[in-house]
Amino acid sequence: MDMNRMRDHMVDYHVVRRGIRDESVTRAMRIVPREKFVDPGFEEFAYEDAPLSIGEGQTISQPFIVALMIEKAHLGAGDKVLEVGTGSGYASALISRIVRHAYTIERHERLALQARERFEKLGYGNIDVRVGDGSKGWANAAPFDAIIVSAGAPEVPAALKEQLDLGGRLIIPVGRSDEQRLKRITRTGASTFEEEDLGGVLFVPLIGEDAWTTTHPMYTATAPSSRTEETYSKLISAAAEEFSSIDDKGFAALFDRFANSRIVLLGESTHGTAEFYETRAAISRHLIDHHGFNLIAVEADWPDAAAIDHWINGRAPGDRQPFGRFPKWMWRNREFSRFVGWMKEENERRKASHKAPVRFYGLDLYNMSGSIRSVLDYLENVSPETAKIAKERYGCLSPWQSNPATYGRAVLTEAYRSCEDAVLKQCTELLTRSLDDAASDDDDFLNAVQSARLLAAAERYYRIMYYGGAQACNLRDTYMADTVEHLLDFHGPAAKIIIWAHNSHIGDARYTDMATARDELSLGQLCRQRFNEMTSLVGLGTHCGEVIAADDWDGQAEAKQMNPSLPQSCERLCHDTAKPRFLLDLRADEELHASLVEQRLQRFIGVIYRPETERLSHYMSASLSRQYDAFLWFDETRALSPLIARQSGTGDQETFPFGF
């Protein structure tokens with residue numbers, strides 16, 4: 001990772017673009033290595049605009065908030081400054097690059113000692129660290145030109161006001177945990193102070209004799225006013241095109257507006273919701289029947305999808321059992337099986353009338369799930385503890401993940417590093433065998449092209465996948481976009497393709513945290529860039545209901561109850577319309593488009609669902625009207641119906657898709 005580039009990206013995107021203009025602050029943020037203030041293994045998350053856990057129930061605040069508080073303190077080069085709440089030490093380090101001397105106080109001894117060690121290693125000699133009650137300040141070192149408090153108090157502690165020099169500034173969050181205001185208190189005389197309100201914030205509590213005496217939950221966002229939320233919901237309600245059900249004859253016709261597109265991407269906010277599969281099937285049937293679409297491509301491995309393509313085109317599917325690995329339920333379910341049956345019947349009709357058949361393809365990296373299984377099998381033999389960490393890591397290999405605690409620890413273990421070359425060799429051999437198995441396929445040329453591309457990139461792919469992160473996501477989505485382009489080239493200028501994939505893939509990543517926080521891109525973005533004016537992106541969302549998902553990678557599929565969508569999310573705006581089902585055309589209404597440009601929380605659930613960490617595990621910020629061309633809403637949804645293997649005299653026999 002190029003930390004210098006990531007640091008500059010953080011300052012440019014999360015600090016300067018959001019209004020921080022003090023050059024002493026931005027210069028300090030470009031100098032101080034934030035990755036040195038997070039635990040080893042979490043460096044890749046150091047420059048995201050999000051709070052990170054540092055233990056003891058504390059966090060390192062998001063970069064913008066740190067920059068905002070320092071800027072509002074109006075620091076000068078000759079100042080003496082107190083920071084209350086040392087935490088990781090990052091804010092103190094920034095302050096020390098601006099002022100003459102910094103003092104910092106922390107109530108947790110472990111954090112204070114850790115911060116002091118970091119300052120020493122970096123050579124920051126103008127910082128004094130003390131363990132104590134921050135609400136009492138540091139009387140022996142007073143008076144201070146500025147005091148910055150990195151935790152919320154019920155009211156301004158008197159001791160902190162008294163330790164300000166004349167003209168000194170105190171920056172502190174004040175109020176109850178759900179209605180804090182950032183205050184600037186300026187000393188104007190021996191007993192007079194001027195108070196300014198700098199806006200709403202939400203911080204961890206300041207624990208101390210003159211502050212809170214009990215702990216409070218961590219908050220990370222400020223709630224917009226309810227009146228504004230109501231206004232947005234009314235705009236959505238006015239623009240919503242309602243339908244009674246997916247089976248309604250008028251439903252599919254809503255998508256005639258995309259008839260002139262060459263690529264239509266249909267999303268899903270979960271991998272385990274029945275309505276999303278049924279909806280995409282209904283839209284696909286309509287676009288195939290009425291608008292000349294002839295290719296279906298899905299977020300699945302190429303060889304698995306090839307078995308389906310063979311079957312719907314009347315060819316022997318071969319010995320391969322498609323979609324036989326975790327997560328089986330994504331494609332081995334009744335909802336998708338019905339669509340597969342329809343494609344077979346449609347191709348039989350087309351054959352009778354001498355029309356070209358519908359083709360079905362997989363866009364995903366070759367044998368991704370098999371490769372992960374290979375990694376886990378190897379690690380379970382040589383280091384079960386490392387295998388456990390790797391399984392957790394793979395379970396969170398998602399572009400919307402905000403919680404680094406579930407991600408990145410694997411690189412800490414020597415066993416993981418020592419296994420790298422052996423696992424890469426094993427995965428490459430697995431790929432080679434798969435390609436050899438596909439060599440006898442009748443679509444020789446197309447398979448040969450795919451195989452050559454995969455084999456050429458195999459080592460790079462597996463090495464990146466082994467460690468995860470933004471590079472793995474970018475490699476995957478670029479590969480999928482390349483495959484779409486190859487399929488359209490192969491089938492000629494009349495080819496039109498429908499893509500089924502998760503919202504995180506089909507949406508335009510440029511307007512989400514994926515791009516701004518982690519330099520990630522997406523399939524939808526690449527299709528827009530490569531096929532300008534020929535691509536339509538349709539996201540799908542829900543408020544509540546049941547979903548099929550697992551607790552961990554390779555875990556048991558189960559029906560889980562989804563939490564209701566969070567306040568201040570795109571989903572909550574849709575829910576507040578009180579309309580159960582509707583299509584929102586985000587291009588048709590200029591006022592609606594402009595109103596939904598601002599980034600809001602949006603929920604993403606993959607094959608793993610962890611409702612107990614809903615905010616961190618399943619939400620990111622996104623601009624709904626820029627991310628998609630349209631958004632399809634189902635207020636309450638039900639879980640997919642996985643196909644269960646039936647018993648026979650020779651053991652389990654899968655029914656999908658043949659014989660269902």
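Colleague: What is the order of the strands in the open sheet?

Modeller: This is a predicted model. Its open sheet has seven strands, in the order β5-β4-β3-β6-β7-β8-β9. The pairing is mixed.

Colleague: Why do β5 and β9 count as edges?

Modeller: Each of them, β5 and β9 (193-201), has a single partner strand. One side of each is therefore left without a neighbour in the sheet. On average, neighbouring strands of this sheet are turned by 15 degrees against each other, direction ignored.

Colleague: How do you know that β4 and β5 pair?

Modeller: Pairing takes at least two bridges. Strand β4 (residues 101-106) and strand β5 (residues 127-131) have five, in the parallel sense. Y103 stands opposite D128 in β5.

Colleague: Which element does the chain cross through from β4 to β5, and what is the hand of the crossover?

Modeller: The chain goes through helix α5 (residues 109-122), and this β-α-β crossover is right-handed. With the strands pointing away from the viewer, a right-handed path runs clockwise from the first strand over the helix to the second.

Colleague: What makes β6 and β7 a pair?

Modeller: The cut-off is again at least two bridges. Four join strand β6 (residues 144-149) to strand β7 (residues 164-174), and the two run parallel. Here I148 stands opposite I171 in β7.

Colleague: Which strands does α5 touch?

Modeller: Helix α5 packs on the sheet and touches β4 and β5. Its direction makes about 165 degrees with that of β5.

Colleague: Why are α10 and α11 called oblique?

Modeller: Helix α10 (residues 302-312) and helix α11 (residues 334-352) pack at about 40 degrees, their axes 8 Å apart. Roughly parallel needs an angle under 35 degrees, and roughly perpendicular starts at 65. The pair is therefore oblique.

Colleague: What makes up the contact there, by residue and by class?

Modeller: I308, W311 and I312 of α10 meet V340, M343, K344 and N347 of α11. That gives five nonpolar, one polar and one charged.

Technical notes
Residues are numbered from 1 along each chain as its sequence is written. This is a predicted model: local features need pLDDT of at least 70, side-chain atom pairs count only at pLDDT 80 or more; totals for chains, interfaces and linings use all residues. Side-chain values use heavy atoms; hydrogens and water are left out. Axes are lines fitted to C-alpha atoms, for helices over the stretch in contact, and angles run from 0 to 180 degrees between N-to-C directions. Contact means heavy atoms within 4.5 Å. Angles under 35 degrees count as roughly parallel, over 145 as roughly antiparallel, 65 to 115 as roughly perpendicular and the rest as oblique. Ala, Val, Leu, Ile, Met, Phe, Trp, Tyr, Cys and Pro count as nonpolar, Asp, Glu, Lys and Arg as charged, and the others, Gly among them, as polar.
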